[in-house]
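Biologist: I have not seen this one before. Can you take me through it, piece by piece?

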Amino acid sequence: MTLDEIDWKILAALQADGRQSAGAVGRRLGLSQPAAWRRIRRLRESGAIRGQRLRLDAEKLGFGVTVFLGVKLATKGRVSLDDFERAVSAIPEVQTVEHVLGLYDYRLRVTARDLADFERVLRRRIMALPGVGNVEANVLLTEERRPGPLGGLAGQG
């Protein structure tokens with residue numbers, strides 16, 4: 001699918017606030033409501049837009065600690081990647097599971113109520129997973145910017 005400048009602007013507008021109606025997006029970009037709606041529908045049907053997400057404030061919900069874990073599997077031959085991914089995805093504190101290339105095999109984003117809660121999750125759940133070898137933890141101190149998937153690409157097509 002080839003995106004034009006208006007498509008990129010629609011994506012940026014919806015990324016900023018996915019609750020906007022097609023009419024609101026159209027007014028913002030100088031399009032009629034039907035024209036904006038048709039473009040948004042085409043972007044959804046092509047897969048460029050994959051649903052909408054609700055962003056929760058973890059800290060306000062009582063989860064004050066976020067930790068990024070690098071996980072190196074000890075025995076890749078004895079445990080399948082699918083088995084590890086299935087097992088780690090079943091842990092509710094694990095927010096994201098990313099299979100990566102580099103020093104570690106996986107990068108996990110883990111939320112916990114506090115450091116003691118994180119230690120419990122690490123010891124009882126993550127370290128008990130099949131095939132886990134080395135684990136490196138990085139505690140998130142602040143998150144100033146939350147770039148979306150468009151980053152600086154808007155307008156390039």
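**Helices, sheet and a few residues**

Modeller: Helix H2 (residues 22-29) packs with H3 at an angle of about 110°, and their axes are 8 Å apart. Bear in mind that this is a predicted model.

Biologist: How are H2 and H3 placed relative to each other, in words?

Modeller: Roughly perpendicular, since angles of 65 to 115 degrees are counted that way.

Biologist: Which residues meet there?

Modeller: From H2, Ala22, Gly23, Val25 and Gly26; from H3, Gln33, Ala36, Trp37 and Ile40. By class, the contact of H2 with H3 has five nonpolar, three polar and no charged residues.

Biologist: And H1 with H3, what is the crossing angle there?

Modeller: Roughly 85°, between helix H1 (residues 5-16) and helix H3 (residues 33-46), with the axes coming within 11 Å. That angle makes H1 roughly perpendicular to H3.

Biologist: Which residues make that contact?

Modeller: On the H1 side they are Ile6, Asp7, Ile10, Leu11 and Leu14, and on the H3 side Arg39, Ile40, Arg42 and Leu43. The contact of H1 with H3 divides into six nonpolar, no polar and three charged residues.

Biologist: Staying with H1, where is Ala13, and is it buried or exposed?

Modeller: Ala13 is in helix H1. Ala13 counts as buried because its relative accessibility is 1%, and the cut-off is under 20%.

Biologist: What does Ala13 touch?

Modeller: Leaving out residues up to four places away in sequence, Ala13 touches Gln20 and Arg28. The C-alpha atoms of Ala13 and Val25 are separated by 6.8 Å, with the two residues 12 apart along the chain.

Biologist: Let me step back. How many helices and strands does the protein have?

Modeller: Five helices and four strands. Along the sequence, the pattern reads α-α-α-β-α-β-β-α-β.

Biologist: In what order do the strands sit in the sheet?

Modeller: E2-E3-E1-E4, in an open sheet of four strands with antiparallel pairing. Strand E2 (94-99) and strand E4 (132-139) are the edge strands, and each pairs on one side only. From one strand to the next, the twist averages 20°.

Biologist: How many bridges does E1 make with E3, and how many with E4?

Modeller: E1 and E3 pair over seven bridges, in the antiparallel sense. Strand E1 (residues 65-73) and E4 also run antiparallel, and six bridges join them.

Biologist: Which residues stand opposite each other across those pairings?

Modeller: Towards E3, Thr66 stands opposite Thr111. Towards E4, Phe68 stands opposite Asn138, and Gly70 stands opposite Glu136.

Biologist: How many residues of E1 are buried?

Modeller: Eight of its nine, so E1 is mostly covered, with buried meaning under 20% relative accessible area. For the protein, buried residues make up 31% of the 157 residues.

Biologist: Which helix lies across the sheet strands?

Modeller: Helix H4 (residues 81-89) lies across E1, E2, strand E3 (106-112) and E4. H4 runs at about 165° to E2.

Biologist: How many aromatic pairs does a search of the whole structure find?

Modeller: One. Phe84 and Tyr106 form that pair, which is tilted, at 4.7 Å centre to centre and with 40° between the planes. Phe84 is in helix H4 and Tyr106 in strand E3, so the pair links distant parts of the chain, 22 residues apart.

Biologist: Are the two partners buried or exposed?

Modeller: Phe84 is buried, at 0% relative accessibility. Tyr106 is buried too, with a relative accessible area of 0%.

Biologist: What is Ile91 in contact with, leaving aside its neighbours within four places in sequence?

Modeller: Val121, Arg125, Ile126 and Leu129. Of these, Arg125 is 34 residues from Ile91 along the chain, and their C-alpha atoms are separated by 7.3 Å.

Biologist: Last one: what share of contacts in the protein join residues at least 24 apart?

Modeller: The share is 66%, taken among contacts between residues at least 6 apart in sequence.

Technical notes
Residues are numbered from 1 along each chain as its sequence is written. This is a predicted model: local features need pLDDT of at least 70, side-chain atom pairs count only at pLDDT 80 or more; totals for chains, interfaces and linings use all residues. Side-chain values use heavy atoms; hydrogens and water are left out. Axes are lines fitted to C-alpha atoms, for helices over the stretch in contact, and angles run from 0 to 180 degrees between N-to-C directions. Helices (H or I, at least four residues) and strands (E, at least two) are DSSP runs, numbered from the N terminus. Angles under 35 degrees count as roughly parallel, over 145 as roughly antiparallel, 65 to 115 as roughly perpendicular and the rest as oblique. Contact means heavy atoms within 4.5 Å. Ala, Val, Leu, Ile, Met, Phe, Trp, Tyr, Cys and Pro count as nonpolar, Asp, Glu, Lys and Arg as charged, and the others, Gly among them, as polar. Two strands pair if DSSP finds at least two bridges between them. Rings of Phe, Tyr and Trp (its six-membered ring) pair if their centres lie within 6.5 Å; planes under 30 degrees apart count as stacked, over 60 as edge-to-face and the rest as tilted. Buried means under 20% relative accessible area, exposed over 50%, partly exposed in between (1.4 Å probe, protein chains only).
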